[in-house]
Amino acid sequence: MKTILQTIDLVKYYGDGESQVRAIDHTDIEVKNGEFAAVVGRSGSGKSTLLHMLGGLDRPDSGKVLIEGQDIFELKDDELAVFRRRKIGFIFQDFNLIPALNVWENVVLPIGLDGKKVSRDYVMDIIRSIGMEDRLRALPNTLSGGQKQRVAIARALASRPAIILADEPTGNLDSKTEMEVITMLKSCVNKYGQTLVMITHDETIAQMADRVIIIEDGRVVN
């Protein structure tokens with residue numbers, strides 16, 4: 001399998017002197033196409049900082065992040081924004097849905113922002129896969145937490161990105177809903193041939209991944 005995501009000697013420090021925090025400390029990781037990789041570590045280990053750099057949301061002090069061979073930090077800010085929209089699907093803990101848009105509009109929003117035509121059949125297939133076909137016109141404030149996260153998953157899949165990055169995607173859900181959402185996410189990722197990198201502190205969820213990457217003090221330890 002070909003490598004879809006790679007970091008080379010990635011570094012991100014905050015502060016200096018004795019108070020310096022080495023959030024990411026010369027970290028190398030590699031993720032293959034179609035893989036589900038879980039990144040685990042204690043709070044403050046650097047997991048979220050790593051994910052933000054993998055997604056081009058934060059620039060490193062040094063090192064590279066390659067997605068499909070493109071060093072994303074060689075891109076200017078506006079080029080990076082376009083690359084991110086086309087190549088990376090994000091799933092956040094707090095869903096990040098637009099309150100004034102209904103389920104369908106939230107799912108297809110990134111495609112519209114990119115000026116592309118929406119493949120209705122493909123998007124409807126995703127929405128059926130997440131079991132939300134009867135709520136297309138519902139606004140986010142009428143949905144449960146689990147339903148909101150399903151919509152966020154569909155939105156991440158809809159633009160057919162190279163990779164999906166999920167930051168504690170079940171952090172705001174109860175344990176029953178959490179397992180339903182993760183099972184559905186894994187099944188969708190397999191169905192649509194996606195690559196998934198997920199930050200989690202939950203051992204049960206991590207065990208569902210193809211591979212677990214453990215981070216301590218900004219370094220990969222396994």
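## Pocket lining

Four helices and strands, α2 (77–87), β6 (88–91), α3 (103–113) and α5 (145–158), each give at least two residues to the lining of the largest pocket. Helices (H or I, at least four residues) and strands (E, at least two) are DSSP runs, numbered from the N terminus. This is a predicted model: local features need pLDDT of at least 70, side-chain atom pairs pLDDT 80 or more, while totals for chains, interfaces and linings use all residues. Residues are numbered from 1 along each chain, and side-chain values use heavy atoms, without hydrogens and water.

The largest pocket has a volume of about 400 Å³. It has 16 lining residues; I88, F90, F92, P110 and R155 are the closest to its centre. A pocket here is an open set of points on a 1 Å grid where a 1.4 Å probe fits, with protein on both sides within 12 Å along at least five of seven lines; lining residues have an atom within 4 Å of a point. The volume is the space filled by probe spheres set on the points.

## E168

E168 sits in the loop between β7 (163–167) and α6 (175–191). E168 is buried, at 13% relative accessible area; buried means under 20%, with a 1.4 Å probe and protein chains only.

E168 has no salt bridge, and K47, the nearest side chain of opposite charge, is 4.4 Å away. A salt bridge needs a Lys or Arg side-chain nitrogen within 4 Å of an Asp or Glu carboxyl oxygen. The E168 side chain does make a polar contact with the side chain of H201, at 2.9 Å. That term means a donor–acceptor pair of N or O atoms within 3.5 Å.

## Positive phi

Most residues other than glycine have a negative phi. E168 has a positive phi, near 45°. R160, in the loop between α5 and β7, has a positive phi of about 50°.

Terms used: Buried < 20%, exposed > 50% of the residue type's maximum accessible area, 1.4 Å probe, protein only. Lys, Arg positive; Asp, Glu negative; His and termini not counted.
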